[in-house]
Amino acid sequence: MRRYQWIIRLLFAVIFIAGGIAHLVLGRVEPEGYAVFAETALLPWLSELWVSFVMPNIGWLTIALGIYEIVCGAGMLWKRTVSLAALGMIAFLVFITIVGYGFPTHSVGEDLLKNRLITIVMALLLVPLLRVGRDERRAEQGEVSDA
């Protein structure tokens, strides 16, 4: 399990730090590229919110998103913050699963494959990291682990 945790922590640290940098850059040079997310949101009110609030404020929202992703990615690098970083990443991935990636589709199955499946898989890969640090703290306190 330790090898799995190490690989996933490193992989997601790289993905989220790079994603954060990408949002910081893309929010400046191609902010209109974020408009497609309104087209694949699962909830109609979310599509409306995207058009009416997110897009007019995309400049500062991409800065906030970039910082959020970089902080989550950096959190994977320190054992004390892995659980919190994993929780933050899962929250982000749940949101992206609901919004989708903006890829046009013709069926529910195609939408699942193109806009949602990868984020579901990524979130599931992070679930075991929610316990990192807790088990070590319990061991330090002399508690016996059930696992």
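Of the 147 residues of the protein chain, 35% count as buried (buried means under 20% relative accessible area, exposed over 50% and partly exposed in between, with a 1.4 Å probe and protein chains only). The model is predicted, with local features requiring pLDDT of at least 70 and side-chain atom pairs pLDDT 80 or more, while totals for chains, interfaces and linings use all residues. Residues are numbered from 1 along each chain as its sequence is written, and side-chain values use heavy atoms, with hydrogens and water left out.

The protein chain has seven helices and zero strands (DSSP runs numbered from the N terminus, helices being H or I of at least four residues and strands E of at least two). Among contacts between residues at least 6 apart in sequence, 66% join residues at least 24 apart (contact means heavy atoms within 4.5 Å). The chain exposes about 9000 Å², of which carbon and sulfur atoms supply 72% (Shrake-Rupley method, 1.4 Å probe; for residues, only the protein chains shown count as cover).

Beyond residues up to four places away in sequence, M76 touches R9, A13, V82, A85, A86, M89, L126 and L129.

R116 is placed in helix α6 and counts as buried because its relative accessibility is 5%. Apart from neighbours within four places in sequence, R116 is in contact with T40, L42, T97, I98, V99, G100 and D111.

The largest pocket contains about 730 Å³ of space. A pocket is an open set of points on a 1 Å grid over the protein atoms alone, with protein on both sides within 12 Å along at least five of seven lines, and lining residues have an atom within 4 Å of a point; the volume is the space filled by probe spheres set on the points, which are joined across faces, edges and corners. Of the 29 lining residues, H23, L65, E69, F92 and I96 are the closest to the pocket centre. Elements giving two or more residues to the lining are α1 (2-29), α3 (44-54), α4 (58-75) and α5 (82-99), with α4 giving the most, eight residues. By class, the lining has 23 nonpolar, four polar and two charged residues (Ala, Val, Leu, Ile, Met, Phe, Trp, Tyr, Cys and Pro count as nonpolar, Asp, Glu, Lys and Arg as charged, and the others, Gly among them, as polar).

Definitions and conventions:
On a 1 Å grid over the protein atoms alone, a cavity is a set of points where a 1.4 Å probe fits but cannot get out, and a pocket is an open set with protein on both sides within 12 Å along at least five of seven lines; lining residues have an atom within 4 Å of a point.
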